[in-house]
Amino acid sequence: MLKIAIVGATGIVGQQAIVSLLNHPWFKITKLAASERSAGKSYREALKDSNGSSRWWCTEELPDEIAALPVEDAANFDPTSVDIIFSTIDASAAKVLEPKYALTTPVISTASAFRYESDTPILVGGINMEQAQLLASQQQNRGWKGFIAPKSNCTIAGLVVSLKPILDKFGVKQVVMTSLQAMSGAGRTPGLSAMDMMENVVPYISGEEPKVETEPQKILGTLAGESIQPATFPISATCTRVPVLDGHLVCAFVQTEKPCSPETVKEAMVNFGKDFSALGLPSSPLHLIEVTDDPFRPQPRLDRERGGGMTVTVGRIRKDPIYENGIKYVCLAHNTKLGAAKGALQTAEYLVKYYLKWL
Ligand code: NAP
């Protein structure tokens, strides 16, 4: 079994990472770390808020052997004590800590700190795993034995998966999208106030739209030597926060290069990703995309757990009346599973098997 540390274990994504790793066939959690606020406590104690109430967020029970683990200070964490590190900390801390860990140890990160570096791919299962080769340049350029492999922003997790079959078959000219993002996407430090969110929609998420308007082009770009040539289509995004716990919904309007119809787009999506699923990675779903014909779906509560939270649900595929070659649809992805912890685990599984070749 490979030894895993979760750094940022007390946060929403860190908790989801713990749940995703329970009973994993290749990986075992041996270390937990977080900020100095949590360091020195047992994990159970570190989860308590100022009233003594547990901030454990997942519906799965927290196993006693994990609850009893000591939480180490991320700033002094010894990366050589484990085989792989899952970094689920804030971007500002990640910027400083992840390179220290990567000196010796592979780091799979959900933070944005290194996503935009030219020698760093943003890996998404079934979309761009060939870009993992770029990690060799990163290791060589920086003199690291390990590497940093970041996950994408959670808002685009469903968008990039749904765009890839459209891009491959019809080409993409431009995308306009509006997101309806779940509250868990804001994390717990400090997290959102129920008073602000109940019976409400907040039409702005600080820093989100620039990420959403640029990351997909890198992910859907092509590897050219030691860098990625981004896809050329522009994206215009409006990102909103809605009173949903988990599951980011995106309404997408896509103008394609070649003519397409709702039927041909549906067919491309349904047939997409079979080769990647056939790899049989423990965290991969059977279908990367499921398309529903029910006009009332996808809905976060009903569809976010599809494929163990790793399948993107697409619905309402229809012709756009304004764009020439226009198609519009709604897609849903589980933000803390596909869009963060479990997606990071899937990346780790792929890299361990096909890049590091440890299995
Ligand atoms: P969160 O609930 O606020 O948790 C943040 C975690 O980072 C906690 O464990 C916290 O430890 C730790 N931390 C904060 N400052 C630190 C520091 N200076 N040094 C070491 N550890 C520190 O946030 P989250 O939602 O889990 O998100 C974690 C990361 O994943 C962020 O980079 C976020 O942007 C990214 N992400 C989140 C989602 C999502 O849906 N939530 C999706 C994709 C990516 P303490 O408890 O000790 O403070």
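Here are a few questions and answers on those topics.

Me: Which domains is the protein chain divided into, and how many residues does the contact take from domain 2?


Reply: Keep in mind that this is a predicted model. The chain splits into domain 1 (2-153 + 341-355) and domain 2 (154-333), with C-alpha centres 24 Å apart. Counting heavy atoms within 4.5 Å as contact, domain 1 puts in 35 residues and domain 2 puts in 36 residues.

Me: Which residues lie nearest the centre of the largest pocket?

Reply: That pocket has a volume of about 1300 Å³. Its lining draws at least three residues from each of domain 1 and domain 2, and α1 (12-21), α4 (91-102) and α8 (208-212) each supply at least two. Of the 49 lining residues, the ones nearest the centre are Thr88, Ile89, Asp90, Gly187 and Thr189.

Me: How many charged residues are in the lining of the largest pocket?

Reply: Sort the lining by class and you get 16 nonpolar and 20 polar residues. The charged count is 13.

Me: What is the handedness of the crossing of α6 and α10?

Reply: The axes of α6 (residues 157-170) and α10 (residues 262-270) come within 9 Å and cross at roughly 115°. The crossing is right-handed.

Me: Which residues in α10 do the α6 residues meet?

Reply: By class, this contact has six nonpolar, two polar and one charged residues. From α6 come Ser162, Pro165, Ile166, Lys169 and Phe170. In α10 they meet Thr264, Val265, Ala268 and Met269.

Technical notes
Residues numbered from 1 in each chain as written. Predicted model: local features only at pLDDT ≥ 70, side-chain atom pairs only at ≥ 80, totals over all residues. Heavy atoms only, no water. Axes fitted to C-alpha atoms, helices over the stretch in contact; angles between N-to-C directions. Helix = DSSP H or I, 4+ residues; strand = E, 2+ residues; numbered from the N terminus. Left-handed = near helix turned anticlockwise from the far one by under 90°. Nonpolar A, V, L, I, M, F, W, Y, C, P; charged D, E, K, R; others polar. 1 Å grid on protein atoms, 1.4 Å probe; cavity = no way out; pocket = protein on both sides within 12 Å on 5 of 7 lines; lining within 4 Å. Points joined across faces, edges and corners; volume = space filled by probe spheres on them. Domains from an automatic or database assignment.
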